[in-house]
Amino acid sequence: LELLAEALFGSARLDKTRLTVRVKGVDVKQLNSKRGVELKAFTDGSVLASGGCGLAVYYSDGHPYNFSGGFVASEPDANMVELAAVCWVLLHHPRSQQLSIFSDSARALKVVSSLADVDQRGEPRSRKQRLTRAISPEDASLARVVRWLLRLRTAQTNFFKVPGHKGFRQNETADLLAQRAAAEPPSCCPPLAAGLAQLLAVLLHYLLRQSELEAGRIPESSLAARGAAKKTRRDGSVLRRPEPLGESTEITDVLALDCEMVGVGIGGWESSLASVSVVNSFGRQVYFSFAKPPRRVTDYRTWCSGITAAMLDTAPPSCDVQREVALLLRGKTVVGHGLENDFKALGYHHPRRLVRDSAHDVPRLLSRRGKPRKLRRIAWEFLGLTIQDGEHSPDEDALAALLLYFRFEREFEGVAAKRAAEALAKEQKKQRKAAANPNGKED
């Protein structure tokens, strides 16, 4: 039904909000950046003299979506197998997660670029140009599959050129894996010659598999040991959880905050503080406490807060917890998601210049209408992490907000600097107005 709806009513446009392709030049900054490393895929293909073909997708060591495999092609071609590798990563990466694909094949990137609605200069491209530019007959079938996969993706897809055999470790690893796969018996079957029926089958299988990936489920067999990041469900699938960045438990200049609330009053509609968690810039907990509300709890909201009556029986009064947290946060940069709710529950006001809120500050983390999105969704899309799978963990939520801050630190700080400049200009204007009219009388 979703495929039919997309075909009939979905947007066929692949503008820059959905697809960007950088064919010329090498974005060394993107290559070397550690930010978003879990969502960066390096693809490569290999054809041996014997006719053996292999493709490889490499993210990072131990990543669950790493893959390499050999396959059979009637007319082996180096550029074709490179495009097959691109197709493979699109087929197996969660469609609601942001994805950056790095390839050393200029031709494969030109084929993808020809599918976009804008060229490299951002100029609109006609339908005729999209269909004729850079797509040869042997690439047409794969290009058709790639275009449909890009249409069905709900998060942005970015393509970058990486120089081949220039010492970039991730690309060299993908190249080596592809060569090894080409020398082994076939183990995968990319859609090289997809007619209409096969295209439909490929896309239906893609959507069915995506329903599992969208829930954060990864087969145990495909996940290398990742320590604390592993949490196994009853169905044997594994979730990728946020991990701390270091061992230090010192009080740092940047702290991440998350609170859990319970309902008080008639119907439990009013929220009252029930627990507070603060983590430092290494992602380690530096403060946690339950808090006993001053009024009778009428709804513990256990299904999402994880709070039970037993947890609050011996908890300190909320006023004591509020005072301790206020002292801890004073003068610190506070990171969180929807912090206005946390500060309200704490009865605390923090200077806006020291607040970094993933629910409001960075435009790309907002919805298309500019509204806040759920932390669970943006952590999945931009970090590839699963949180709030059932009851909320304040530590995990605070850590997810912290990781988003580090992922988009430049944008967060840019917004903060702009806000500070606007506040300074407003204050200066107020001072000039006061100096021009010292007696406070209207002209």
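Student: What makes both faces of strand 3 count as covered?

Tutor: In this predicted model, Cys53, Leu55 and Val57 on one side are buried, as are Gly54, Ala56 and Tyr58 on the other. Buried means under 20% relative accessible area, with exposed over 50% and partly exposed in between (1.4 Å probe, protein chains only). Local features need pLDDT of at least 70, side-chain atom pairs count only at pLDDT 80 or more, and totals for chains, interfaces and linings use all residues. Residues are numbered from 1 along each chain as its sequence is written, and side-chain values use heavy atoms, with hydrogens and water left out.

Student: Why is strand 3 called largely enclosed?

Tutor: Because 6 of the 6 residues of strand 3 (residues 53-58) are buried, the strand is largely enclosed by the rest of the structure. A strand here is a DSSP run of E with at least two residues, and a helix one of H or I with at least four, numbered from the N terminus.

Student: How do you know that strand 3 pairs with strand 2?

Tutor: Two strands pair if DSSP finds at least two bridges between them. Strand 2 (residues 40-47) and strand 3 have 6 bridges in the antiparallel sense, so they pair. Thr43 stands opposite Val57. The two strands form a hairpin with 5 residues between them, and Gly51 in the turn has a positive phi of about 100 degrees.
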